[in-house]
Amino acid sequence: MQEKIHKIMTFVGNLSIIVGVVTIVVGIAGGVLMVIGGGKLLNERKTLIF
């Protein structure tokens with residue numbers, strides 16, 4: 001019984017680490033894309049004539 005609990009805890013711990021790393025990578029990538037998009041919008045704002 002204790003071996004089963006140990007295996008489950010190991011799996012959940014590993015899964016938590018993997019999900020955390022994926023979340024960090026996706027967050028950083030999303031932030032970079034938002035900064036690039038915002039910079040392009042601000043740059044194009046100068047060329048608009050109403």
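Author: Here are the labels, one by one, with the cut-offs behind them.

Author: First, this is a predicted model, where local features need pLDDT of at least 70, side-chain atom pairs count only at pLDDT 80 or more, and totals for chains, interfaces and linings use all residues. Residues are numbered from 1 along each chain as its sequence is written, and side-chain values use heavy atoms, with hydrogens and water left out.

Reader: How many helices and strands are there in the protein?

Author: One helix and zero strands. Helices (H or I, at least four residues) and strands (E, at least two) are DSSP runs, numbered from the N terminus. Helix α1 covers residues 2–45, and Ile8 is in it.

Reader: What does the radius of gyration of the protein look like against a compact globule of 50 residues?

Author: The protein has 22 Å, whereas such a globule would be near 10 Å. The radius is taken over C-alpha atoms, and the globule rule is 2.2 Å times the number of residues to the power 0.38. Along its principal axes, the C-alpha trace spans about 75 × 15 × 5 Å. Within the chain, Met34 and Glu3 are 31 residues apart, with 46 Å between their C-alpha atoms. For Ile24 and Arg45, 21 residues apart, that separation is 32 Å.

Reader: Why is Ile8 called partly exposed?

Author: Buried means under 20% relative accessible area, exposed over 50%, and partly exposed in between (1.4 Å probe, protein chains only). Ile8 has 47% relative accessibility, so it counts as partly exposed. Val22, also in helix α1, is partly exposed because its relative accessible area is 47%.

Reader: And why does Met34 count as exposed?

Author: Met34 sits in helix α1 and is at 66% relative accessibility, so it counts as exposed. Ile24, found in helix α1, is exposed because its value is 54%. As for buried residues, they make up 0% of the 50.

Reader: What makes the nonpolar surface patch?

Author: Ile8, Phe11, Val12, Leu15 and Val19 make it, at about 470 Å². Like charges are joined within 9 Å, nonpolar side chains (Val, Leu, Ile, Met, Phe, Trp, Tyr) within 5 Å. Ile8, at 47%, is one of the patch residues.

Technical notes
Patches are made of residues with over 30% relative accessible area and no salt bridge: like charges are joined within 9 Å, nonpolar side chains (Val, Leu, Ile, Met, Phe, Trp, Tyr) within 5 Å. Accessible areas come from the Shrake-Rupley method with a 1.4 Å probe; for residues, only the protein chains shown count as cover. A salt bridge is a side-chain nitrogen of Lys or Arg within 4 Å of a carboxyl oxygen of Asp or Glu.
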